[in-house]
Amino acid sequence: MLVSYNWLKEYVNITETPEALAEIITRAGVEIGGLAYPAKGISGVVVAEVLTCEPLPDSDHLHLCQVSLGSGEPVQVVCGAPNVAAGQKVCFAQVGAVLPGDFKIKKAKLRGVLSNGMICSMQELGVDDALVAPADKDGIRVLPADAPLGENAVTYLGLDDVIYDLDLTPNRSDCLSVYNVAREVGALLGRPVRPLDIAFNGQPAADEGIDVRVEAPELCHRYIGTRLLNVQAGRSPIWMEQRLQAAGMRPLGLLVDITNYVMLETGQPLHAFDEEDIAGREIIVRRAKDGETIVTLDGVSRALTEEMLLICDQDRAVGIAGVMGGENTEVKDQTRNIFLESAYFEPRNLRRTAQHLGLRTEASIRNEKGVSIKGVQTAACRAAALFERLAGATVVTPAVDKYPAEKAATVVPLRFARANAILGTDLPADEMVNYLDRLQFKLLSRDAEGLTVQVPDWRMDVSLEEDLIEEIARFYGYDNIPETLPFGSTNPGGLTEQQRLRETVTRHLASAGLHEVLTYSFVQEDFADQLALSPDDPRRQVIAIGNPLSAQLAVMRTTLLHSILETIRVNRSHQVADVAIFELANTYCADGELVAHHLATEEDHLVIALEGGSAKDWLGSRKNYDFYYLKGLIEQFFARLDLDGLRWEVRDDDPSWHPGRTATVYWHDLPLGVAGQIHPTVCQNYGLSEDIYACELNLMPLYAQKLQAPAAVTPSRYPAIMRDLALVVPTAISHEAIVHAIQAAASEDLKSVTLFDRYDGEQVAQGMASMAYSLAFQNNAQTLTDEMVEKDMAAIIAACRDLGATVRE
């Protein structure tokens, strides 16, 4: 929220400097994030009059002007603005003047003609182009005819101001009103706040008027309609335009500017309809019909749902309640009669409407946070007074006021002892009462123990005793509250088993040299096609985002594989050849029923992706990433979790993965996911090389396991005995099956089984493979004898033969 210092001074007698006032406001809990100085760096610009204006010879756009500053001889200046003309009052930068950006005005020759200054546009005076009025967009600023010659143009335009940028917390929506900020300032300084001028001369209607019918009272709690007849369109006065620009709004013309000005001033959004365009002379507040459309003031056709609230006439929708009006009843320069809307709409419904339509306006921001229901009438009267004074309107009275269920004022009790106990202070009761009185909380009752107050209607954030205590703390001063130790029982914090496991996995992979990445939970809609998922793959059942940030973030991801491949693609585009990354994050799986309810089943997945090779070691060697490197990473972190039962099974039925170079990863008999090489077609879809190895594992089954601290194991003092075992086995028998058979047959003395050679060439029969294993035997209590080891070897050989293997002698 941008607030003008000079605007605040209209309501409160402020003697403090802008910087001192900003400090006071911030220390009271309404943080001011920054101060802007519109006139900073401007000097030597005055109000002048163009006496003559003639085309400059040999130029199709320059004009030679004689300018009067009110005293002295006229000044010759060359001006290129298309709208410059004799008789105009303008902003003139004299020779020696300085404009924003330290641009100094000097004498110059244009087409051989001497120019002694510059006639300025608003942009040249530092006003943002987006905030310049349409009449000033492509030329100089033409001032009113009564502008005093020679006066400082910066002062005349109201640019000698300071703009506060308020960083409001969500609960302080009352400060989306300049007048409420003035109330805050008045309370902090202990000075009265001047009331708003809401007086006007109303006249009874001479015709049937405009009727209002509210068909959805649960969404529209109050609706005031005021008729303004015989209005005269035109340009807003300079003071109004300057205040709108200071607040970040572009002046559009008097009839629209008044409604925007009152919204900024009171915090209550207003909307003006051209009365002549209201069909049937009736306003109907109703829910939209599914499929109904409206073209809003920004020229966009918007599809509506039955949850949305509309403002309609007897034929069509003329506005989206509290968000934006319709193009079909827009106020124009030719408008003579206005129907002015001031209403209180249900904030939650309005917020959903604005989010669904992707339409955030100054009006919707205020309405969705909640406005004062009493302020609806105040704003209507304030606007009527300005229309009467500035646009010559005849205000028809009484206004239509649909307010079927009057809202009761909020009443809150306060215990003095409770306030001091929470704040750790010893404030007298009278001091607390004084603070609340300055904030215009109405005292209803008081005794020795406490009091009861009525909350001002504009303070929607106050409803509890703790809210009153917070107000007392703000005014007493947060810096004055003593430091005290907390008391009462406390519970030490800690990690859940799920958090511990996640932390263990991420730390282990990071220590193994992998980089953790964090990606969006949203992905593009065609991610499943890029991954070549089969048509019936459940991962194609996605949750669509109602209001996506972009087409690349349109749906919730059902797999992490797309995100990790996109990350590799981005790294490759930055010439990063070796990539070893992982992400542990949620996927969002849904079936038809869950999709209908916009919900998803969230699962924690771990994805690892490798491309290239590891960094060179101190000997200058490096290892290229392959399936076995990936397999080792997975086995290592399972070992770190002290989880056994990990096994692998060849897989060739997933189109995302390379057949024959991919395995399903099992934990006992439970499939966790897939590990292997990405299919070349998928790699091509992402513009990547074909040597990418990855895995995606569902960690949810592991979360039920309670992690144990690693136990210290005393190494055996006795030597190990090594044996080699060479087998010829059918290629259909996996290495994993052989290892399991060996381990099952041997005693506990068998410590490790390592495959050190595999051969399936011409020296073995077709369909067979030679596999050589190294077996290590060791006992913690004694030195093993050959007889003990041979007994184990005999059992192992028998088990391998039962498996279909032949032992090579």
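This is a predicted model: local features need pLDDT of at least 70, side-chain atom pairs count only at pLDDT 80 or more; totals for chains, interfaces and linings use all residues.
Residues are numbered from 1 along each chain as its sequence is written, and side-chain values use heavy atoms, with hydrogens and water left out.

Back to Arg-382, which sits in helix 9 (residues 375-391). Helices (H or I, at least four residues) and strands (E, at least two) are DSSP runs, numbered from the N terminus. With a relative accessible area of 5%, Arg-382 is buried; buried means under 20% relative accessible area, exposed over 50%, and partly exposed in between (1.4 Å probe, protein chains only). Setting aside neighbours within four places in sequence, Arg-382 is in contact (heavy atoms within 4.5 Å) with Leu-196, Asp-197, Ile-198, Tyr-261, Val-262, Glu-265 and Arg-389.

Now for a strand. Five of the five residues of strand 16 (residues 270-274) are buried, so the strand is largely enclosed by the rest of the structure. In a regular strand the side chains alternate between the two faces of the sheet. In strand 16, Leu-270, Ala-272 and Asp-274 point one way, His-271 and Phe-273 point the other way, and all are buried. Strand 16 runs antiparallel to strand 23 (residues 338-345), and five bridges join them; two strands pair if DSSP finds at least two bridges between them. Within this pairing, His-271 stands opposite Glu-341 in strand 23.

Another strand residue to look at is Ile-163, in strand 12 (residues 163-166). Ile-163 counts as buried because its relative accessibility is 8%. Not counting residues up to four places away in sequence, Ile-163 touches Leu-2, Val-3, Ser-4, Gly-34, Leu-35, Ala-36, Pro-38 and Ala-246. There is also Ala-247, 84 residues from Ile-163 along the chain, with 8.1 Å separating the two C-alpha atoms.

Next, turn to helix 10 (residues 416-423), whose buried residues are Phe-416, Ala-419, Asn-420 and Leu-423. Viewed down the helix axis, these fall within an arc of 95 degrees, so they line one face of helix 10; the arc is that of the directions from the helix axis to the C-beta atoms. Ala-417 and Ala-421 are exposed on the other side. What do the buried residues of helix 10 pack against? Their partners are strand 26 (411-415), helix 11 (429-438), strand 27 (442-446), strand 28 (450-454) and helix 12 (465-476). Just after helix 10, Gly-424 takes a positive phi of about 70 degrees.

Helix 12 brings us to some annotated positions. An unreviewed UniProt entry places the feature "binding site" at Asp-461, Asp-467, Glu-470 and Glu-471; UniProt positions are given in the numbering used here, feature names are shortened, and annotations may be inferred rather than shown by experiment. Asp-467 lies in helix 12 and, at 14% relative accessibility, counts as buried. The side chain of Asp-467 reaches the backbone nitrogen of Ser-463 at 2.8 Å. Leaving aside neighbours within four places in sequence, Asp-467 is in contact with Asp-461 and Val-462. Glu-470 is also in helix 12, but Glu-470 is partly exposed, with a relative accessible area of 35%.

Key: A polar contact is a pair of N or O atoms within 3.5 Å; within protein, one must be able to donate a hydrogen and the other to accept it, and residues adjacent in sequence count only if both atoms are side-chain atoms.
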